[in-house]
Amino acid sequence: MEHPHLALVVDDEPQMLDIVTFALETQGFASVSAKDAESAWSLFRNRQFDLVVLDVMLPQSSGLSLCRRIREVSAVPVLLLTAKSGVQDRIAGLEAGADDYVTKPFHPRELALRAEAIVRRTAVAPAPVELVHGPLRVGQDAATVHGRYLHLSALELRLLRRLASAQGQPVSFRDLLLSGWQIDEGPGGREMLKTALYRVRKALHGEGMPRAIRAVRGVGYELPRPGRD
């Protein structure tokens with residue numbers, strides 16, 4: 001019998017915990033809940049989770065801080081819950097390492113479907129196809145440069161993989177947004193993409209590939225072929 005995906009749900013409001021837990025159960029998830037960042041961190045360190053659903057506004061330590069802490073040690077998908085819908089708020093979540101976000105108030109069905117989509121997108125394939133781009137190798141679940149692993153979130157890895165699959169050709173903004181978030185272009189979309197790719201560039205720069213990702217004016221981004229300047 002297949003085991004259900006296990007989600008860690010973090011929110012300081014008991015009613016919201018019940019809503020999120022119920023929504024996830026409709027998609028076959030099992031859930032463990034926590035009401036603050038420290039309790040959540042303790043649970044996270046001692047169990048293997050397939051998803052973290054995390055409220056941004058938590059007592060003592062914020063959800064964004066916890067997201068950064070999780071991202072330092074794991075690529076587990078993180079779905080943020082936030083009452084703020086501004087572009088800068090979304091960017092802050094992505095900079096913290098989140099894969100997606102849902103704005104409160106939300107429909108439980110929407111949250112459940114987004115959670116299922118994130119886990120499905122980030123699931124490791126049994127026989128991943130590795131893309132080779134000079135010293136860069138990009139698989140389904142990890143990327144390396146000269147054999148050294150890049151510290152990337154699942155979202156960042158999807159974007160890098162899409163760029164590598166283009167074999168040096170530009171990839172449009174729309175294509176990258178669909179690959180990363182399964183959304184079409186909309187308000188703030190390009191800024192979200194720019195922020196996520198900045199982190200990928202930073203990781204590549206740290207391994208000796210400072211100009212690996214280039215912006216193509218009016219089109220999108222490209223991962224130039226090795227040796228092309």
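Domain bounds here come from an automatic or database domain assignment. The model is a predicted one, in which local features need pLDDT of at least 70, side-chain atom pairs count only at pLDDT 80 or more, and totals for chains, interfaces and linings use all residues. Residues are numbered from 1 along each chain as its sequence is written, and side-chain values use heavy atoms, with hydrogens and water left out.

Begin by selecting residues 5–123, which form domain 1, and then residues 131–222, which form domain 2; the C-alpha centres of these two domains lie 24 Å apart.

Next, select the interface, where 16 residues of domain 1 are in contact (heavy atoms within 4.5 Å) with 15 residues of domain 2. Between them the two domains bury about 1,400 Å², with 57% of it on carbon and sulfur atoms, buried area being the accessible area (1.4 Å probe) that two parts lose on being put together, summed over both. Now pick out Leu94, Asp99 and Arg121, which supply 39% of the area that domain 1 buries against domain 2, more than any other three residues.

If you look for salt bridges across this interface (a side-chain nitrogen of Lys or Arg within 4 Å of a carboxyl oxygen of Asp or Glu), the rule finds zero.

Finally, colour helix 3 (63–73), helix 4 (87–95) and helix 5 (108–122), the elements that give two or more residues to the side of domain 1 that touches domain 2; helices are DSSP runs (H or I, at least four residues), numbered from the N terminus. Helix 4 gives the largest share of that side, five residues.
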